[in-house]
Amino acid sequence: MYRGVLERYGHWLDLPAYTQVVTLLEGNTPLIPMPRLGREVGCELFVKFEGVNPTGSFKDRGMTAAISEAAGRGVQTVICASTGNTAASAAAYAARAGMRAIVLIPEGKVAVGKLAGALAYGAEVIQVQGSFDAALSLVVEITQKTPITLVNSINPYRIEGQKTAAFEICDTLGRAPDWLCLPVGNAGNITSYWAGFRQYQKGQPRLLGVQAEGAAPLVYGHPIEHPETIATAIRIGKPARGEQALAAIQESQGKLLAVSDEAILQAQRLLASEGLWVEPASAAGFAGLLAESQRPDFPMRGKTVVVVCTGHGLKDPAIIAEHFASPRCIPAEYDALVEAVLRP
Ligand code: F0G
């Protein structure tokens, strides 16, 4: 029986002996071949679909580690700032551990499926009149001054847990892919993948880190005071692990780029056209790959490429209502159906 990422990969992770495993059987996510899109862009393409984790995003890998460490210390309350997915994940794992979870989110900027998740799992949700970055500074300060434990990816155990995605990819392919494309927000995930691949020694991919144009502090080389993008998960102006992300990209001989919201939506549509519905931020990695594929010196041609899709499409259904075709409505009559079907 599968028992979650700590059970499977715990011996690879730097976790204290007192750790008490709190799991929802996260991880073990599929590496889905994308033959049609792969043919179109000219590489052997796979999606690591993290949307099928228990709370619908990759955050569960790091959260099982952070909450398990906290449980081993007898922690009673955890806190995080979040664009939504971390909040839902922290809420679920805290609930599982019997802890109090407090989550700070930027007011009005969190996708409905994430907010609903955090509330459903019983977290205390506090909206902050400011960006994710402002919320993160607040939670850092309160965890320095009180016994409340921080479960953002500044917490080193989050990084440890998230390395397991790199291990799984290597185990499935038998080696690391040539390229790994993924969205970059607060930069914890790219930091984890790089650490994971290096440690596992099954080869090292080149990393393509992708930010949204309106929230691309690492691409532009300075913090963004008012980040803005439809990909609200990565609406971040001052990534906590920015330095490490840049180092990882450089060491891997990879690349960092920014893509427009339009390109993100287009990538989301294309992934869905081959059966994968992911949230907008999750499509950013593929949007980056598409942008690269337009270049004459496209470095991924003929290569094995893994695109990390970090969260499920169900997280952000409002985007679909706003940007995709809406259903037509007919009277409940056979003639009307024939009309609609034969003359779409
Ligand atoms: N994709 C999704 C769906 C995310 O929710 C996030 C981050 C990222 C990508 C970027 O990952 O921050 O490790 O670079 N979401 C955080 C949150 C910030 O609060 O849920 P990162």
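Predicted model: local features only at pLDDT ≥ 70, side-chain atom pairs only at ≥ 80, totals over all residues.
View 1. L342 lies in helix 15, which spans residues 334-342. Together with I330, Y334, L337 and V341, L342 forms a nonpolar patch on the surface, and the accessible area of these residues together is about 530 Å². In an α-helix, residues three or four places apart point the same way, because there are 3.6 residues a turn.

**View 2. Positive phi at A187, in a buried loop position.** A187 is not a glycine, yet its phi is positive, at about 80°. The residue is found in the loop that runs between strand 7 (179-183) and helix 9 (188-200). With a relative accessible area of 3%, A187 is buried, the cut-off for that term being under 20%.

**View 3. Positive phi at Q253, in an exposed loop position.** Q253, likewise a residue other than glycine, has a positive phi near 55°, and it lies in the loop between helix 11 (242-251) and strand 9 (255-259). Q253 is exposed, its relative accessible area being 58%.

**View 4. The largest nonpolar core and the surroundings of V305.** The largest nonpolar core holds 34 residues, of which L45, L271, F286, L289, V305 and V307 touch the most other members. Two or more residues of this core come from each of helix 2 (35-41), strand 2 (44-49), strand 7, strand 8 (206-212), strand 9, helix 12 (261-273), helix 13 (280-293) and strand 10 (304-309). Among these elements, helix 13 gives the most to the core, with seven residues. When residues up to four places away in sequence are not counted, V305 touches C43, E44, L45, F46, W179, C181, L289 and M300.

View 5. Helix 8 (residues 164-173) is largely enclosed by the rest of the structure, because seven of its 10 residues are buried. Just after helix 8, G174 takes a positive phi of about 85°.

View 6. Four strands make up an open sheet in the order 5-4-3-6, and their pairing is parallel. Strand 5 (124-128) and strand 6 (149-150) are the edge strands, each of them pairing on one side only. Strand 4 (residues 100-106) is mostly covered, since six of its seven residues are buried. Strand 4 pairs with strand 3 (residues 77-81) in the parallel sense over five bridges, and five bridges also join strand 4 to strand 5, again with the strands running parallel. Within these pairings, L104 of strand 4 is the bridge partner of A81, while I126 in strand 5 stands opposite L104.

Key. Residues numbered from 1 in each chain as written. Heavy atoms only, no water. Patch = residues over 30% accessible without salt bridge, like charges linked within 9 Å, V, L, I, M, F, W, Y side chains within 5 Å. Areas by Shrake-Rupley, 256 points an atom, 1.4 Å probe, with all protein chains shown as cover. Salt bridge = Lys/Arg side-chain N within 4 Å of Asp/Glu carboxyl O. Buried < 20%, exposed > 50% of the residue type's maximum accessible area, 1.4 Å probe, protein only. Core = buried A, V, L, I, M, F, W, Y, C linked by side-chain atoms within 4.5 Å. Contact = heavy atoms within 4.5 Å. Pairing = 2+ DSSP bridges.
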